[in-house]
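Here is a walk through a two-part model, written for someone who likes cut-offs spelled out. Take a look at the structure, then read on.

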Amino acid sequence: MEYTVSSKAKMTSIVLIVVGLVALLAGIFTDHGHTDQRLWANLLVNGYFFFTLSLAAVFFLAIQYVAEMAWGVTTQRIFQAIMSFMPIGAAALLTVLIASSLHYTHFYHWMAEGVTDPASHHYDAIIAGKSAYLNLPFFWVRTIVFIGVWLFFANWFRKNSLNEDALDLSQIADGVSPNYRKAIKMSVFFLIFFAYSSVSSAWDWIMSIDVHWFSTLFGWYAFSGMWISCMIVAVVLVLYLKGKNYLKDVTEHHIHDLVKWMFAISMLWSYLWFAQFMLIWYANVPEETAYYMVRFEDYKLLYVGTFFVNFLLPFFILMSRDAKRNAIFILPVALIIFFAHFIDVLVMVFPGTLFDHGHLGAVEIGMFFMFLGVFIFTVLRSLSKASLATKNHPMYDESVHLHT
Amino acid sequence: MSDKTIYAIYDDDYVLLESAKHLVAKGVHIRDVFSPFPIHGLDPVIGLKRTRLAIAAFIYGMIGVSLALTGMWFFMIQDWPLNIGGKPNFSLFTNIPSFVPVTFEFGVLCAGHGMAITYLLRNWTLPGFKAKNPYPRTTDDQFVMEIHASDSELSAEEIKALINETCVVEIDEK
């Protein structure tokens with residue numbers, strides 16, 4: 001079952017990129033000052049959002065292997081395609097991080113000169129206290145190791161799965177593909193690494209923008225955001241391919257299970273968003289509420305609106321079993337909360353980088369569309385490179401007969 | 001013709017599922033299946049209606065949420081406002097974040113208990129009630145189909161002949 005990217009899909013992604021570019025340029029020329037900061041902040045938002053979203057696909061694949069999960073085997077190639085965007089996302093993210101380290105932008109105040117030097121008039125005691133962790137060399141060691149190891153695993157899982165397709169099972173003693181066993185082992189290593197790195201990377205790249213502030217929950221909050229975005233993309237891709245008469249082995253039962261995941265991770269995200277907010281609201285410690293003060297004063301609609309959209313829409317619309325199997329219910333909810341999770345990352349970044357100047361305008365929409373266009377193009381191209389159904393996976397047949 | 005109840009006893013869930021497909025294709029109506037665990041894919045084969053327990057659970061959950069919110073509005077805002085950590089106590093809306101955990105827990109409590117009690121009542125299996133399953137071994141390693149001769153056009157003898165075509169362990173009649 002080979003998939004070829006239709007010319008319509010190619011056109012759609014190109015139109016998205018062009019429309020995005022036009023909106024971006026229009027936004028730049030009508031902007032009133034701070035345009036460079038705004039562009040960098042947008043690049044960080046989009047780079048982080050799309051990179052971590054494709055990273056979550058590696059994570060979900062790894063869970064499938066470790067749990068020896070059978071139901072999702074027919075959709076494995078979808079997740080492999082999503083993670084093909086990782087190199088581009090990483091490049092966008094690294095561009096911002098390099099620019100910040102070279103002081104082209106000042107998103108990360110702890111990178112500034114003299115903040116840890118008691119003699120300097122820029123001295124900041126709180127940042128100095130954190131400098132054992134937040135210093136440029138260690139920050140770059142972490143960044144490079146994290147991105148490098150993630151890319152290595154993504155590449156390894158993809159190669160391993162493609163090699164598995166080429167196996168001749170009759171030549172193997174027990175008839176079980178050795179690639180599957182290897183993948184389980186590698187998944188364990190990946191998950192152990194990911195458990196630390198997913199949380200720590202969110203501290204490094206996002207939380208350290210608001211460097212005086214900290215939240216122990218932040219890493220999981222960011223992690224659940226990337227996971228839900230990844231599940232949404234997977235669901236939409238499956239529905240799209242089913243609509244084009246591909247993926248014969250994916251039934252409504254698989255869609256039901258995928259949407260269950262989307263629903264559940266939505267609830268996880270809402271829970272973590274609220275848990276972080278509620279504890280800080282209740283304790284009312286000035287150091288902690290600073291983060292929420294700026295969001296409630298300048299970004300109230302985006303910040304609170306995102307929460308309600310991401311929580312209430314899936315909760316009330318996708319709760320029932322029938323809705324989870326019906327594209328008419330799934331697609332609108334999926335597309336709306338996908339955009340809302342983008343806004344979520346935007347409100348993580350903007351208040352600390354653009355202060356009260358940030359808003360949702362042509363620049364933001366434009367760059368989002370550009371990234372989305374490139375993302376769709378990359379993912380579909382990756383889908384077309386291999387058969388949509390894996391071969392020789394020991395649990396493929398079990399997955400075909402899934403019944404929920 | 002008096003109604004005869006035929007029990008077909010199997011020792012494997014998959015065999016039972018395939019046999020059920022065979023019997024249903026031949027026009028036999030299977031009233032019920034007793035098994036130690038849920039058999040995936042059986043419900044649509046024997047034509048069981050989808051459970052409405054989920055709808056009941058949602059309603060119980062919503063009742064729990066409204067009860068909790070009403071209760072806390074009355075206790076904490078209306079009747080006896082308490083100053084806890086300087087949190088606003090003059091309206092439900094401004095103090096709602098502190099009520100969310102309790103509301104959530106109470107919603108879950110009502111949904112869970114309501115669902116369990118409804119399920120036990122509907123099955124008439126509340127603690128102390130006598131179990132109605134015809135073969136106690138269906139709680140261990142046996143799988144039993146219950147077929148009423150009056151449910152389908154076929155006679156009891158024809159049904160038994162059809163059952164004998166499957167890998168049945170034992171046929172019993174009551």
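## The sheet in chain B

Asp32(B) stands opposite Glu146(B) in β3(B). Those two strands, β2(B) and β3(B) (residues 143–148), run antiparallel and are joined by three bridges. Tyr7(B) also stands opposite Glu146(B) in β3(B), and here six bridges join β1(B) to β3(B), again antiparallel. On to β4(B): Ile9(B) faces Glu170(B) there, and β1(B) and β4(B) run antiparallel with four bridges between them. Strands count as paired if DSSP finds at least two bridges between them.

Put together, the four strands make an open antiparallel sheet in the order β2-β3-β1-β4 of chain B. Its edges are β2 (32–34) and β4 (170–173) of chain B, each pairing on one side only. Neighbouring strands are turned by 20° against each other on average, direction ignored. Two helices pack on this sheet. Helix α1 (residues 13–25) of chain B touches β1 (5–10), β2 and β3 of chain B, and its direction makes about 25° with that of β3(B). Helix α5 (residues 156–164) of chain B touches β1, β3 and β4 of chain B, at about 5° to the direction of β1(B).

## Ground rules

The model is predicted, so to speak of local features pLDDT must be at least 70, and side-chain atom pairs count only at pLDDT 80 or more, while totals for chains, interfaces and linings use all residues. Residues are numbered from 1 along each chain as its sequence is written, and chains are lettered from A and ligands numbered from 1 in the order in which they are written.

## Overall build of the two chains

Chain B has five helices and four strands, in the sequence pattern β-α-β-α-α-α-β-α-β. Its radius of gyration is 25 Å, well over the 16 Å that the globule rule gives for 174 residues, so chain B is more spread out than a compact globule. The radius is taken over C-alpha atoms, and the rule is 2.2 Å times the number of residues to the power 0.38. Along the principal axes, the C-alpha atoms of chain B fill a box of roughly 80 × 30 × 30 Å.

Chain A has 14 helices and zero strands. With 404 residues, a compact globule would have a radius of gyration near 22 Å, and chain A agrees at 22 Å. The box for its C-alpha atoms, along the principal axes, is roughly 75 × 40 × 40 Å.

## Helix packing inside chain A

Helix α2 (residues 35–66) of chain A packs against helix α6 (residues 136–165) of chain A at about 55°, axes 10 Å apart. That makes α2(A) oblique to α6(A). Axes are lines fitted to C-alpha atoms, for helices over the stretch in contact, and angles run from 0 to 180 degrees between N-to-C directions. Angles under 35 degrees count as roughly parallel, over 145 as roughly antiparallel, 65 to 115 as roughly perpendicular and the rest as oblique. The contact involves Leu55(A), Val58(A) and Leu61(A) from α2(A), with Trp150(A), Phe153(A), Ala154(A) and Phe157(A) from α6(A). Contact means that C-beta atoms, placed from the backbone, lie within 7 Å. By class, this contact has seven nonpolar, no polar and no charged residues. Ala, Val, Leu, Ile, Met, Phe, Trp, Tyr, Cys and Pro count as nonpolar, Asp, Glu, Lys and Arg as charged, and the others, Gly among them, as polar.

A second pair is α7 (residues 178–205) and α8 (residues 218–243) of chain A, whose axes come within 8 Å and cross at roughly 105°. That makes α7(A) roughly perpendicular to α8(A). This contact has seven nonpolar, three polar and no charged residues.

## Where the chains meet

Which helix gives chain B its largest share of the side that touches chain A? Eight residues of chain B are in contact with seven of chain A, and the largest share of the chain B side, three residues, comes from helix α4 (residues 96–123) of chain B. The chain B side divides into three nonpolar, five polar and no charged residues.

The axes of helix α9 (residues 252–283) of chain A and α4(B) come within 9 Å and cross at roughly 130°; the two are therefore oblique to each other. Phe274(A), Met278(A), Trp281(A) and Tyr282(A) in α9(A) meet Pro97(B), Ser98(B) and Val100(B) in α4(B). This helix contact divides into six nonpolar, one polar and no charged residues.
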